[in-house]
Amino acid sequence: MANQPDEHDLRLSDDERLHALNVISEHFAAGRLDTDEFYERSGEIAAARALDPLRNAFRGLPGGAPLEVVDNRIRKVSTEIAETTPVGASSRSAETELSSLLRRGNLVESLDWVIIGITLVTFLVLNNVFDWDHAWLVWPSLIVTLGLPRLIFNYSDSDEELYEELKESENEERKKRLKQAADRIKQLESNDRDT
């Protein structure tokens with residue numbers, strides 16, 4: 001029987017390194033790594049030929065390395081990287097307040113769509129099934145029903161404006177980081193082909 005390699009010495013394939021680069025990019029996009037850390041760690045991953053050096057690049061990150069050894073074979077681990085709260089909140093209370101605002105905003109936004117959907121179904125049923133001529137009256141009720149979640153969750157107009165700004169800012173920052181991550185992966189792949 002052939003001598004089995006130690007799991008720490010198992011060689012990585014290009015596909016396994018690319019999987020790890022994609023996961024580290026998700027951590028970067030979520031704001032867990034700054035640009036310098038991302039470049040350093042993605043370089044470590046691209047240079048890794050065995051599993052142990054690759055694991056080191058994921059130190060301190062939730063979920064650890066996205067590869068594991070099963071039956072002396074390397075297997076990809078699917079990971080879901082959770083979003084973080086917005087970067088730049090200077091104090092714990094400000095971070096908590098922003099987190100609460102984002103939670104309430106998401107909830108109110110979801111409830112808005114549910115209310116609009118229920119109103120549309122009610123209108124269609126009253127208009128088409130019961131042939132009621134005044135089915136249009138359900139639409140003005142939206143003024144009241146859309147206001148209820150805002151009242152219940154203490155969600156003001158200024159909260160809604162801030163929520164929209166935060167959402168837009170988070171989306172722009174995430175897009176920027178994902179583009180940087182994609183560019184870095186292309187750069188590393190190009191360097192790997194050249195060597």
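Biologist: Buried means under 20% relative accessible area. On that cut-off, which residues of α1 are buried?

Modeller: In this predicted model, they are E16, R17, H19, A20, L21, V23, I24, S25, H27, F28 and A29.

Biologist: What covers them?

Modeller: The cover includes helices α2, α3 and α7. Strands β1 (67-70) and β2 (73-76) are also part of it.

Biologist: How many residues does α1 have, and how far does it reach?

Modeller: It has 16 residues. From first C-alpha to last it reaches 22 Å, close to the 22 Å expected at 1.5 Å a residue. Just after α1, G31 takes a positive phi of about 90°.

Biologist: Zoom out. What is the overall pattern along the sequence?

Modeller: The order is α-α-α-β-β-α-α-α-α. That comes to seven helices and two strands. The protein has 195 residues, and 29% of them count as buried.

Biologist: And what share of the contacts joins residues 24 or more positions apart?

Modeller: Such pairs make up 68% of the contacts with a separation of 6 or more.

Biologist: Now the largest nonpolar core. How many residues, and which have the most contacts inside it?

Modeller: It has 23 residues. L12, I24, I45, L54 and F58 have the most contacts inside it. At least two residues each come from α1 (14-29), α2 (35-47), α3 (51-56) and α7 (157-194). The biggest share is from α1, with five residues.

Biologist: Switch to α7. How does its span compare with expectation?

Modeller: It agrees, because the 38 residues of α7 should span 56 Å and the end C-alpha atoms are 55 Å apart.

Biologist: Which of its residues are buried?

Modeller: D159, Y163, L166, R177, A181, R184, I185 and L188.

Biologist: What is its volume, and how does the lining split by class?

Modeller: The volume is about 200 Å³. The lining has six charged and four nonpolar residues, and no polar ones.

Biologist: Where is T119, and is it buried or exposed?

Modeller: T119 is in helix α4 (residues 92-129). It counts as buried because its relative accessible area is 8%, under the 20% cut-off. T119 touches V138, W139 and L142, not counting residues up to four places away in sequence.

Biologist: Last topic, the loop between β1 and β2. What is the phi of D71 there?

Modeller: Near 55°, a positive value in a residue other than glycine. N72, in that loop too, has a positive phi of about 60° and is not a glycine either. Most residues other than glycine have a negative phi.

Biologist: Buried, exposed or partly exposed: which is D71, and which is N72?

Modeller: D71 is exposed, with a relative accessible area of 72%. N72 sits at 25%, so it counts as partly exposed.

How values were computed. Residues numbered from 1 in each chain as written. Predicted model: local features only at pLDDT ≥ 70, side-chain atom pairs only at ≥ 80, totals over all residues. Heavy atoms only, no water. Core = buried A, V, L, I, M, F, W, Y, C linked by side-chain atoms within 4.5 Å. Buried < 20%, exposed > 50% of the residue type's maximum accessible area, 1.4 Å probe, protein only. Helix = DSSP H or I, 4+ residues; strand = E, 2+ residues; numbered from the N terminus. 1 Å grid on protein atoms, 1.4 Å probe; cavity = no way out; pocket = protein on both sides within 12 Å on 5 of 7 lines; lining within 4 Å. Points joined across faces, edges and corners; volume = space filled by probe spheres on them. Nonpolar A, V, L, I, M, F, W, Y, C, P; charged D, E, K, R; others polar. Expected span 1.5 Å × (residues − 1). Contact = heavy atoms within 4.5 Å.
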